[in-house]
Amino acid sequence: MYQRLECVALRTIKHSDRSSILVAYSRQLGRVGLLIGAGRGASAVRVRALTMPMASFECVASVVPGRELFHIKDVRRDDGVHESGPGDAVRSAVAFFMADFLGTVLREPMADEPLFCGVREVSRRLSGGDCRGMANLHIASLSSLTVAMGIEPDVSTWREGRFLDMREGRFTVSPPSGHSDYLDQRRSHMAYRLSRMTLDNARFFKFSREERNEILSELLRYYALHGYKVGNLVSVDILRDLF
């Protein structure tokens, strides 16, 4: 049965001399494996250009119950995507990291509308021409996606001087007993600041390189504590060097 899918590309894996597997996250089916051509023909080259990491696209897939890989056709760019402007090297590094991260944590072949919309919005921001705030986009993306993934910290418990219990996702008067997975008062205040960051206002937040790397490490630790382990992502080191 043919079905139109709205997708965000995550990673491409070689399948054979003639085809590759494009791992994508779709609105209709969740995580999917799509077969694309690996040759040098014009059609294959065009599809690969439209399905770079974090690219948002649409296609028609031959969905067969019981199969994990789907043949696709009629691949086209998402209507909400614009051509990239200046600063593509920086944009590509952030896209590579986000695709690497999402390709690792999004494992379920199950539709999740809010999560797809969150992922697609990150994709569209990455394709925009305005590069202001690009250094903070990965931080804003990771922070905002905690909402759609159901692990957002309870900021209603925030008060100045409190500690963020990372396991419970709430702010406490004193450090939690029994474990060390919490943020001290300075880092807890930083976590509260992040709760106010969005993809729209990320460019207005000023961080040093040390602060930005510290925030990234703690965000990844927070995800890991809530079941989304990412291991050692090569793309993290690239971001640390850039920002």
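A: What follows looks at the cysteines, then at the strands around them, and ends with a surface patch. The model is a predicted one, and it holds zero disulfides. A disulfide is a covalent bond between the sulfur atoms of two cysteines, and the cut-off applied here asks for a pair of cysteine sulfur atoms within 2.5 Å. For C59, the closest cysteine sulfur is that of C7, and because the distance is 4.5 Å, the two are too far apart for a bond. C59 counts as buried, with a relative accessibility of 0%. For C117, the closest cysteine sulfur is again in C7, but it lies 13 Å away, which is therefore too far for a bond; C117 counts as partly exposed, at 31% relative accessibility.

Turning to the strands, β1 covers residues 2–14 and β4 covers residues 56–62, and the two run antiparallel, joined by seven bridges. Within this pairing, C7 has F57 of β4 as its bridge partner. Both strands belong to a closed barrel of five strands, in the order β1-β2-β3-β5-β4 and with mixed pairing, in which the twist from one strand to the next averages 55°.

As for the surface, F96, V234, I238 and L242 make a nonpolar patch of about 330 Å², and helix α7, spanning residues 234–242, gives the largest share of that patch, with three residues.

Terms used. Residues are numbered from 1 along each chain as its sequence is written. This is a predicted model: local features need pLDDT of at least 70, side-chain atom pairs count only at pLDDT 80 or more; totals for chains, interfaces and linings use all residues. Side-chain values use heavy atoms; hydrogens and water are left out. Patches are made of residues with over 30% relative accessible area and no salt bridge: like charges are joined within 9 Å, nonpolar side chains (Val, Leu, Ile, Met, Phe, Trp, Tyr) within 5 Å. Accessible areas come from the Shrake-Rupley method with a 1.4 Å probe; for residues, only the protein chains shown count as cover. A salt bridge is a side-chain nitrogen of Lys or Arg within 4 Å of a carboxyl oxygen of Asp or Glu. Helices (H or I, at least four residues) and strands (E, at least two) are DSSP runs, numbered from the N terminus. Buried means under 20% relative accessible area, exposed over 50%, partly exposed in between (1.4 Å probe, protein chains only). Two strands pair if DSSP finds at least two bridges between them. Axes are lines fitted to C-alpha atoms, for helices over the stretch in contact, and angles run from 0 to 180 degrees between N-to-C directions.
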